[in-house]
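User: I am new to this structure and would like to go through it step by step. Please show it first.

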Amino acid sequence: MLDMKAIIWLENYLQTWPTTILVVSHDRLFLDAISTDIIHLHSCKLDSYKGNYEVFHKTRDERMKNLRKEYEAQKQYRDHIQVFIDRFRYNANRAAQVQSKLKLLEKLPEIKPPEKETEAVLKFPESEKLSPPILQLDDVTFYYNKDRILFNKVCVNANMDSRICIVGDNGAGKTTLLKLLLADLEPCSGHRHAHRNLRIGYFSQHHVDQLDMSVNSVQLLANRFPGLAQEVYRNQLGSFGVSGDLALRPVSSLSGGQKSRVAFSVMSMTNPNFFILDEPTNHLDMETIEALGEALNKFQGGVILVSHDERLIRSICKELWVVNAGTVASLEGGIDEYKRLVQIELESH
């Protein structure tokens, strides 16, 4: 829930911390900045690695490759022995050799194939291209009370090729800006313009909390979008990695990341051609954040995203909007320039 300024401050602070820190995080770049060791929890085991997350990732990939090679070599050796046994099992002249090979097989250590990593799956629907203008705010002023104007004469524009990330301090008005773009809020002055065929898929910070916890994921989609075959709901959920028995478990029993996948599935049921996403990574693990970045890059519509996950921002965003002191400005230099300005501000305090 921290904004980027708070994350950068925390990185700086923890790097000078004199004693031990144990941290759980799904922010790869944050872990790269602060960690000296990684403990990987998987298959009811803990494996330790020296170095930060990037080093862990490379070392683990190398370890998995070596394990696969070792497994294949051992399997080939076992299969070779077994072929001999099967071929001469009933040959009296070779009985002694067969017995010897059987004993050799018994002495060989039991081998198990290396575990396959479960691949994160996210697949957004295809969408048709719309000709611009797509979505605009022209000279928009907005306030909840006149004593505190939240936005003053804001002009922004997004199209079908847009990959825009919105950053700014907590409380600066990022979510309010999204609601103005969605037409959930009316400007006090100025205008919102949207293409007549624009269908926005909106993922809010509280999307996960608003799911019906008493039903399973298939029933949830059927309740929201009645009248379709169960196979349609199943396929939709499967596009986001909620398949098999998982789709039939009560939503209340799902993890935060699994609930987010269900929420993505709900959002995509209307076949949107433009996404507005408010902090979509809050409950996601690293693999799903990577999958989200890939899915958004493949999506043919526009994307406006509020996020403080630097790696995701770098992987998809072509434009950075900074919300600050009643203004929304596109920042030349993107995330690197924003981080530089934040660092200067932190040092000045």
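**Helix packing and burial**

User: At roughly what angle do the axes of helix H1 (residues 4-15) and helix H11 (residues 334-348) cross?

Analyst: This is a predicted model, in which local features need pLDDT of at least 70, side-chain atom pairs count only at pLDDT 80 or more, and totals for chains, interfaces and linings use all residues. Residues are numbered from 1 along each chain as its sequence is written, and side-chain values use heavy atoms, with hydrogens and water left out. Helices are DSSP runs (H or I, at least four residues) numbered from the N terminus. The axes, lines fitted to C-alpha atoms over the stretch in contact, come within 10 Å, and their angle, taken between N-to-C directions on a scale from 0 to 180 degrees, is roughly 65 degrees.

User: Is helix H5 (residues 174-182) largely enclosed or open?

Analyst: Buried means under 20% relative accessible area, with a 1.4 Å probe and protein chains only. Lys174, Thr176 and Leu177 are among the buried residues of H5. Seven of its nine residues are buried, so H5 is largely enclosed by the rest of the structure.

User: Which residue just after H5 takes a positive phi?

Analyst: The place to look is just after the end of H5. The phi there is about 70 degrees, and the residue is Ala183.

User: Which element gives the largest share of the lining of the largest pocket?

Analyst: The lining of the largest pocket has 46 residues, with Ser25 and His26 among those nearest its centre. Lining residues have an atom within 4 Å of a pocket point on a 1 Å grid. The largest share is six residues, and they come from S1.

Note on methods
Helices (H or I, at least four residues) and strands (E, at least two) are DSSP runs, numbered from the N terminus. Buried means under 20% relative accessible area, exposed over 50%, partly exposed in between (1.4 Å probe, protein chains only). On a 1 Å grid over the protein atoms alone, a cavity is a set of points where a 1.4 Å probe fits but cannot get out, and a pocket is an open set with protein on both sides within 12 Å along at least five of seven lines; lining residues have an atom within 4 Å of a point.
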